[in-house]
Amino acid sequence: MSGGDFPGDLLRAVLHRLPPADVARAACVCRLWRAVASDRAVLEAAFRAPWGVRRVLGDPATRAFWRAASLARFALSHTVRRGDTVPGVALKYSVQVTDIKRFNNMMSDHGIYSRERLLIPISDPEILLGSTCYIEMDHNSKREVAVFYPEGHPNGNAESVANAAAAKRRSKRILESVRRSLHVDDGTAEYYLSVTGGDPRAAMMEFSEDLRWEQRQTGH
């Protein structure tokens, strides 16, 4: 029996049991196999099966996302609360401080003060067993991952709304602090915070370096 003669339902059942790399290879057999192997349900099943994830909701920017079902494609969402520190969060989830900073595109520990949440790399795959994850593009970390929310659905409760409001107030305080420290306007303060990932200390250092460069150029 040729690949094209393979019953669609049976083919789908087989592909549901394959890892992503084999599903990608199956798509090269013939038109029928490509159509089934490109089905979202098949791609999702291959992506989540190695980790025991129950559902993966949302659509990635490209289908290439599904091909790498590594643990690095998943992250746990930690809502930043008053008093949180990167070392404290790392200790809570048994991960390295450097891993959190790298995963969240943070230059230093102080970057936590401008964040509403941190993405925590998964250190123990058992965390994902039976979970529902949400495909998201995180603007701070600049990466697309399947996010697991220990507290449930993202933005699904009053606490999430309160956290968002608190994060907005925190960002406003940081902006005001940097503006006053540098004696600049809001726009300039926002710029230096944006190029340093929201880290106020790094923003002030960057501004000082630019100021010294300008002074050298003018001979002052």
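1. Start with the largest nonpolar core, which has 28 residues; Phe47, Phe74, Ile100, Leu118, Ile120 and Leu128 touch the most other members. Here a nonpolar core is a set of buried Ala, Val, Leu, Ile, Met, Phe, Trp, Tyr and Cys residues joined through side-chain atoms within 4.5 Å. Buried means under 20% relative accessible area, exposed means over 50%, and partly exposed is in between (1.4 Å probe, protein chains only). As background, nonpolar side chains in soluble globular proteins tend to be buried together.

2. Before going on, a word on the model: it is predicted, so local features need pLDDT of at least 70 and side-chain atom pairs count only at pLDDT 80 or more, while totals for chains, interfaces and linings use all residues. Residues are numbered from 1 along each chain as its sequence is written, and side-chain values use heavy atoms, with hydrogens and water left out.

3. Helices (H or I, at least four residues) and strands (E, at least two) are DSSP runs, numbered from the N terminus. Domain 1 (7-51) and domain 2 (71-152) both contribute residues, so this core lies between them; the domain bounds come from an automatic or database domain assignment.

4. Have a look at leucine 118. Leaving aside residues up to four places away in sequence, Leu118 touches Leu76, Ser77, His78, Val80, Val89, Ile100, Asn104, Met106 and Ile112. Contact here means heavy atoms within 4.5 Å. There is also a second, separate core of 10 residues, including Leu175, Ala189, Leu193 and Phe207.

5. On to charges: how many salt bridges does a search of the whole structure find? The search turns up 12, a salt bridge being a side-chain nitrogen of Lys or Arg within 4 Å of a carboxyl oxygen of Asp or Glu. One of them joins glutamate 44 to arginine 48, with the closest N and O atoms 3.2 Å apart. The two are four residues apart in helix H4, so about one helical turn separates them. Glutamate 44 counts as buried because its relative accessibility is 6%, whereas arginine 48, at 22%, counts as partly exposed.

6. Helix H7 (residues 158-182) holds both arginine 180 and glutamate 176, four residues apart, or about one turn of the helix. Their side chains meet in a salt bridge (2.8 Å, N to O). Arginine 180 is exposed at 58% relative accessibility, while glutamate 176 is partly exposed at 26%.

7. In helix H9 (residues 200-218), glutamate 209 and arginine 212 sit three residues apart, about one turn of the helix. This pair also forms a salt bridge, its closest N and O atoms being 2.8 Å apart. Both partners are partly exposed: glutamate 209 at 36% relative accessibility and arginine 212 at 41%.

8. Last, two backbone spots to check. Most residues other than glycine have a negative phi. Serine 94, though, has a positive phi near 55°; this serine is in the loop between H5 and helix H6 (97-103) and is exposed, at 59% relative accessibility. Lysine 142 also has a positive phi near 55°. Its place is in the loop between S4 and S5, and lysine 142 is exposed, with a relative accessible area of 63%.
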